[in-house]
Amino acid sequence: MATTRRHFLATAGAGMAAPLMAQSSGTKRGTNDQVHIALIGAGGQGMGDCAASQRVGGVKLVAVADVYQGRLERSRELWGKDVFISRDYREVLARPDVDAVIIGTPDHWHQRISIDAMKAGKDVYCEKPMVQRLEMGAAVIEAQKSTGRIFQVGSQRVSSIVYLKARELYRAGAIGELNMIEAWWDRNSAIGAWEYSIPPDATPENIDWDRFLGSAPKHEFDPVRLFRWRNYRDYGTGVAGDLFVHLFSGMHMITGALGPRRVYASGGLRFWKDGRDVPDVFYGLYDYEAREGSHPAFNLALRVNFVDGGDENSGFRFVGSEGILSVEDGLKLQKTPREREPGYTIDTFSEAVQREFLAGYREKYPKREPTLDSMRPAEAEAFQAPDGYDDHFHHHQNFIAAVRSRKPVVEDATFGFRAAGPALLSNVSYFERRICPWDPETMKA
Ligand SMILES: NC(=O)c1ccc[n+]([C@@H]2O[C@H](COP(=O)([O-])OP(=O)(O)OC[C@H]3O[C@@H](n4cnc5c(N)ncnc54)[C@H](O)[C@@H]3O)[C@@H](O)[C@H]2O)c1
């Protein structure tokens with residue numbers, strides 16, 4: 001394939017007509033056919049995505065776009081001088097040698113670049129959350145439908161074998177009737193709280209500041225806002241968009257749930273008062289109604305704490321009438337059958353009444369002493385992914401397989417928005433101090 005740089009901007013102005021000419025065919029390929037990828041947004045996650053994608057086999061990086069020159073140079077250090085680089089992602093989309101793009105930009109660019117990429121005939125692996133604001137979701141779903149491109153959101157739990165095992169157990173009725181899910185993501189470090197390093201060469205010459213801002217409100221040059229964009233609502237989505245979205249994706253995959261009916265969030269900025277305008281302690285409560293064939297009505301409680309004073313960890317508890325499924329690095333199923341006898345609390349009754357009660361009780365439950373231990377033997381089972389297993393790599397394998405086969409992926413735009421929607425609505429609830437309704441079918445607030 002040709003790798004000539006096309007200066008479509010010089011000839012095509014600001015419109016997106018030129019990339020549309022660069023349509024790749026979208027036809028089915030063999031399992032070993034080479035796939036050429038491009039990276040748009042070459043920061044921490046984008047570079048990790050790119051490395052994982054190239055480990056899949058038959059995948060080659062041909063182009064990188066980023067608004068910071070240092071990351072373009074770093075891309076060439078890592079992946080070779082032949083990689084085409086540009087500060088303008090549209091130059092990457094205009095290249096006919098690009099089959100698929102990985103989008104690792106800040107959240108406020110996800111929707112625009114995803115749609116432009118699909119319209120330019122590229123398949124898309126877009127990092128979570130799929131969109132930055134609720135009103136942005138429908139257009140991505142529509143673009144996926146109208147272009148027929150493969151579009152996968154980057155919440156890797158959806159491909160994890162641990163989560164697949166959890167889904168199998170859940171669907172087989174291992175915990176009985178689900179009534180509640182809890183999940184948490186606690187951190188206790190500066191990096192965990194998004195205090196990322198600012199490079200010493202972060203100058204206006206090395207950064208295309210206006211292209212970073214995009215549709216965000218105008219702001220004077222300030223590298224902190226670029227390198228720590230998560231801390232600002234103009235570009236990021238707070239802890240809900242950043243971390244709850246992973247929890248929604250994994251949980252929806254396991255249960256088959258489409259989303260909650262009501263959303264309530266609370267929290268505050270308790271510790272990291274570094275100029276950020278988003279909370280560092282955050283709770284979300286979500287009411288799920290029953291969904292035929294998937295789950296009964298249940299409550300979901302999510303938590304992020306960036307100042308937890310203990311170990312960093314994250315996990316799930318799926319609580320049902322017959323047991324609890326815990327999902328962390330591995331999976332633990334604890335089954336506790338329901339009591340077979342009701343037990344009794346009679347010592348406040350007179351002795352005569354106690355004797356009468358006991359006689360009646362033993363007549364009904366003759367053989368067993370009603371001790372908790374004897375009645376409720378707990379069984380536990382554990383599952384662990386094999387050493388070296390990496391769900392992030394697995395997620396990229398699934399994406400590249402879909403690019404080759406043209407078979408749809410699980411975490412497509414609709415799935416992605418069903419996870420992003422309630423996460424983003426949590427921010428609305430928090431900042432507007434209200435309970436927010438959500439329609440999980442139509443994905444409308
Ligand atoms: N799946 C996961 O587990 C996971 C983990 C971390 C981050 N993420 C997601 O990945 C995305 C990137 O996060 P990150 O931690 O890598 O951030 P980052 O700041 O390290 O990287 C973002 C990069 O995008 C560049 N950029 C900004 N505007 C751009 C534009 N208009 N065009 C091209 N490049 C532009 C920045 O210069 C930067 O290099 C986020 O959406 C985040 O939510 C996902």
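How many nonpolar, polar and charged residues does the shell around the ligand have? By class, this shell has 11 nonpolar, 10 polar and 7 charged residues. In this count Ala, Val, Leu, Ile, Met, Phe, Trp, Tyr, Cys and Pro are nonpolar, Asp, Glu, Lys and Arg are charged, and the others, Gly among them, are polar.

Before I continue, a word on the model. It is a predicted model, in which local features need pLDDT of at least 70, side-chain atom pairs count only at pLDDT 80 or more, and totals for chains, interfaces and linings use all residues. Residues are numbered from 1 along each chain as its sequence is written.

Let me stay with the ligand. It is surrounded by 28 residues, and the closest are Gly 41, Gly 43, Gly 44, Gln 45 and Glu 127. A residue is near a molecule here if its C-beta atom, placed from the backbone, lies within 6 Å of it. Two elements give two or more residues to the shell, namely helix 3 (44-55) and helix 9 (209-213). Helix 3 gives the most, with 3 residues. Helices (H or I, at least four residues) and strands (E, at least two) are DSSP runs, numbered from the N terminus.

Domain 1 covers 8-158, and domain 2 is made of 159-338 + 375-389 + 413-437. These bounds come from an automatic or database domain assignment. The C-alpha centres of the two domains are 25 Å apart.

I turn now to the contact between the domains. Here 28 residues of domain 1 are in contact with 34 residues of domain 2, where contact requires that the C-beta atoms of two residues, placed from the backbone, lie within 7 Å. On the domain 1 side, two or more residues each come from helix 4 (69-79), helix 7 (137-147) and strand 6 (151-153). Helix 7 supplies the largest share of that side, 4 residues. By class, the side has 13 nonpolar, 8 polar and 7 charged residues.

Strand 2 (residues 59-65) and strand 3 pair in the parallel sense over 3 bridges; two strands count as paired if DSSP finds at least two bridges between them. Within this pair, Val 64 has Ile 85 in strand 3 as its bridge partner.

Antiparallel pairing is found elsewhere in the chain. Strand 7 (residues 178-186) pairs with strand 11 (residues 313-320) in the antiparallel sense over 8 bridges, and Ile 181 stands opposite Phe 318 in strand 11. Strand 11 also pairs with strand 12 (residues 323-327), again antiparallel, over 4 bridges. A hairpin through 2 residues joins strand 11 to strand 12, and Phe 316 has Val 327 in strand 12 as its bridge partner.

Finally, I come to a pair of helices. The axes of helix 11 (residues 238-255) and helix 15 (residues 413-432) come within 8 Å and cross at roughly 145°. Axes are lines fitted to C-alpha atoms, for helices over the stretch in contact, and angles run from 0 to 180 degrees between N-to-C directions. Among the residues that meet here are Phe 244 and Phe 248 in helix 11 and Leu 424 in helix 15. The residues of this contact divide into 9 nonpolar, 6 polar and 1 charged.
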